[in-house]
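The following paragraphs lead through selected parts of one protein model. Please keep the sequence and the coordinates in view while reading.

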Amino acid sequence: MTADFASPLRDMSEARWEDLVMDTLGELGWKPVEGKAIAPGSGERESWSELILPGRLREAIARINPQLPPSAVEDALMEVTSARSRDALAENRRIHEFLTKGIRSVVYTDEHGAEHNPTIWLVDFREPEANDFLAVNQVAVVEGEHRRRFDVVLYLNGLPAGVVELKKAGDAHADLQGAYAQLRTYVEELPLAFRANVVCVVSDGITARYGTAFTPFEHFAPWNVDDEGRPVPQPPASDEDLALNLALHGLFQQRRFLEILRGYVAFAETPGGTTKRIAKPHQYFAVSKAVGKTIEATRRDGRAGVVWHTQGSGKSLEMELYTHQVMTHPSLGNPTIVVITDRTDLDDQLYSAFLASELLPEPVQAATRDDLRTELLNRRTGGIIFTTLQKFGRTKEERDAGQAHPLLSDRRNVIVIVDEAHRSHYDNLDGYARHLRDALPNATFVAFTGTPISEADRDTRDVFGDYIDIYDLTRAVDDGATVRVYHESRLIPVNLPKDVDPEVIDDRADEITAGLDNAERQRVQRSVAVMNAVYGAPDRLKKLAADLVSHWEARSAQMRKFIDGPGKGLIVCATRDICARLYEEIIALRPEWHADADDKGKIKVVYTGDPKDEAHIRKHVRRPSQLKVIQRRAKDPDDELELVIVQSMWLTGFDSPPLHTLYLDKPMRGAALMQALARVNRTFRAKQDGLLVGYAPVTQSLHEALAEYTQDDQDTRPVGRDIDEVVAQVRDLHDVICNVILRGYDWRGKLAARSDKAFREAVLGTVNYLRDPALPENQVEPGEDTLAERFRKVAAKLDRLYALCASSGQLNPYRDDIAFFQAVRVWMAKFDVEDRRARGLPIPTEIALYLKQLTAGVIEAGGVTDIYEAAGIDRPDLSHLDEAYLERLRASKTPNLAIEALRRAIEQTMRRVTRHNVVRQKTFSDRLIELMNRYANQHLTSAEILAELVAGTTWCGRRPSPTG
């Protein structure tokens, strides 16, 4: 975006953005009206606390279900509008069921005495234009003490199905997080207003993201694609491509809105409770295309194609949505779905996700080859069968007799979904692909993979067909679907024998070798022995344990301010023997991390085993139920478990958003390496980066693996970028703060003073300097960043990048300066939070989290507890301000902070005493804003504005009369 294009947009008021939204929705077929047109008394809403428009809903029910008598229409209306609880999510789930599947609880008797129990539809999905689409701006809701005004509410047949929350682009306090925080406040205060909600959009006009009313902010997504799903570059070249415009056209085209409602919203019951998810654009288009290709393939050669979507970008949800779509599509004849993975742990994970989904019928898991054959032979339609690829192997008798795999079903309505279909199993000559075709000759095959199909795996394309859709690493990071993963090399050298190539050691070399011939078994056992001797050398393990513990303690401490806890780390070793021995070395250094119980302790080891294993390996072998306990703990950010040591388990398919650091002490390459890296690329709270710590050499393998990816991925390297680049960026940002932003303030001189209060005075003096309205750098044009805002942004980026490389040792000379900037940032944030509270605005989660984690340390260093103490004044009692207090204000060493503190105290009191008188509240607020503007424009000195503020407290402190 050019500056000329951006500036006018940033200057646009919230009201002008609202007009743009209403105009656009009008173009999309939503009838635009003002909030007062549907207010109570208009014949639309029945009360200020209720958003539903019962008359429109009644008309829609009667229109869509013409066979219903009026009494049944009223019963259906009552079923929808009578809340069962005040739990927003539970009510939303109930109404969503009615919207998508109809109401089945209404029974009526016709004039002939016959009883009917029809499915009553609230939405006409066949003819979108037959529905009533209404867009309303400035919709007020009042419930008890809560008075809120929604910017835009979108009604579908009288039900409030969408919300758009807008903020002014140029306002530093009005960013997307602020809009989201406002939305969350609405949900908490007015839960029933969201019972029919499908989607919420938050925007500052320039940027826009969407999610459900219950989606965490980090999972709100941009709709930054055109109508074909092609990315639209941002910043945009024209207003047509603005993020807000794209979101409105993407989500609220009438037919697509109904598609999303019915097929791209998924509820699930998880161990953490009920969740509601909505497809992101890449998921919507991938599933839509895959369904179309599947329909074509059923009429041709059965090869639907391959969906390559980056690991961590929501591939499991895509498979769930795809399964729902093909099972309910009228062209596909209620197909049987066979879901195939190539590992038991992946089968369990995906099966659990499907089992939890409320979109799908309950799947079955074929535990044995016989189970699989029975399920397929006995079923004519429907059903979801989970199995592993290996169960399509031939029995020993079949192999000995040279027989092909037996036919299991010759039906055409069988769809085989293969997860991670890029491995070497899919050869057409005598591999599993041949067996699959022998067993299911007329089935349709579709594959979902998180890594690209390499040239070496071209047999995979022969089995499944060409790519259906690609969502690469770069797009996933740009969209916020995943985070970048950086690489820090902490190589501990090894010397392998010349005749052993670590790159070809099978990643399961250390597991059970039954079924291998003697030569193969000896090769595997020799590889394991070499790895144990070289990577597991006792001195090397001691060094590894010491470095790993030190690194983890520093890294997890840095991550607390972003994710509200230490997060999780995964340690990957070459063999199970090394896993077990490394555990012993680590707990020798940190004995308090150990616990015998599966549900206790900070560190665990996870792998499979067999009774013949040596004792030190066998002690970590667990039953599946025990492994699930550890798996749940590894996903729970509040559980004390921090580190898990693995050999091959959990390196594909395992999804733990709090996991942020992968310690790799095992040679890996290709898809296996990239899948392992993806364990740390999940979004979570304010986590913005994952980290790979390489104790084994992986740099060359990373370059080779990326060569199979798109050109964008090779150019931008969202995964595996070297930590040295981050170190260089940290140095640059440090220089910007020291020599540009703070060049006019001698903070180092303040720090050098020989005083117990030196640190505190330096920090607060710096905050005072940054917030000084008299500085030319704080007198900027609308939409430009003030000096304070520039510091916030640069310090935030410095903080994030330093968390990646704090343990590298390369930044030790900068450590004290960075701690100082962090303290300044905390105090800046505290003033921002108090400002928001005074204005009655919600606190963005990221700011609240940052303050929660860092305030204690800053207070300990500086001895200050709140903004009044920071400003050098007492917390004011506005009913008893005198000349002595005013004198103390004038004498403050940080006058700008004193002015801000007093102003916020006045504003907070004003909001409290005028809460029942909106006119008086606005009059006083305007007066206060005018005063602060005069001060900011240097029309008032600090002494004059302090006097004006103190004078204003007399008016503010008066009790309101009964009439206001």
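In which loop is P235 found? P235 lies in the loop between β8 (208–211) and α7 (243–252). The peptide bond that leads from Q234 to P235 is cis, its omega being near 0 degrees. The model is predicted, with local features requiring pLDDT of at least 70 and side-chain atom pairs counting only at pLDDT 80 or more, while totals for chains, interfaces and linings use all residues. Residues are numbered from 1 along each chain as its sequence is written, and side-chain values use heavy atoms, with hydrogens and water left out. Helices (H or I, at least four residues) and strands (E, at least two) are DSSP runs, numbered from the N terminus.

Strand β8 also belongs to a hairpin with β7, in which four residues lie between the two strands. In the turn, G205 has a positive phi of about 90 degrees. Two strands are taken to pair if DSSP finds at least two bridges between them; β7 and β8 do so in the antiparallel sense over four bridges, and C200 stands opposite G211 in β8. Strand β6 (residues 159–166) pairs with β7 as well, here in the parallel sense and over five bridges. C200 of β7 is the bridge partner of V163. Five of the five residues of β7 (residues 199–203) are buried, so the strand is largely enclosed by the rest of the structure. Buried here means under 20% relative accessible area, exposed over 50%, and partly exposed in between (1.4 Å probe, protein chains only). V199, V201 and S203 point one way from β7, whereas C200 and V202 point the other way.

A further set of strands forms an open sheet: seven of them, in the order β13-β14-β12-β15-β16-β11-β17, with parallel pairing. At its edges stand β13 (364–365) and β17 (467–471), each with a single partner strand, so one side of each has no neighbour in the sheet. Strand β11 (residues 303–309) runs parallel to β17 and is joined to it by four bridges. Within β17, Y471 stands opposite H309.

Turning to the helices, α2 (residues 14–27) has 14 residues and should span 20 Å at 1.5 Å a residue; its end C-alpha atoms are 20 Å apart, which agrees. The expected span is 1.5 Å times one less than the number of residues. Buried residues of α2 are W17, E18, V21, M22, T24 and L25. Seen down the helix axis, the buried residues fall within an arc of 165 degrees, so they line one face of α2; the arc is that of the directions from the axis to the C-beta atoms. D23 and E27, on the other side of α2, are exposed. After α2 comes G29, with a positive phi near 100 degrees.

Helix α9 (residues 281–298) packs against helix α10 (residues 315–328) at an angle of about 40 degrees, with the axes 9 Å apart.

W650, with a phi of about 70 degrees, lies in the loop between β21 (643–646) and β22 (659–665). W650 is buried, at a relative accessible area of 3%. R685, with a phi of about 50 degrees, is placed in the loop between α22 (670–677) and β23 (689–694). R685 is partly exposed, at a relative accessible area of 31%.

Terms used. Axes are lines fitted to C-alpha atoms, for helices over the stretch in contact, and angles run from 0 to 180 degrees between N-to-C directions.
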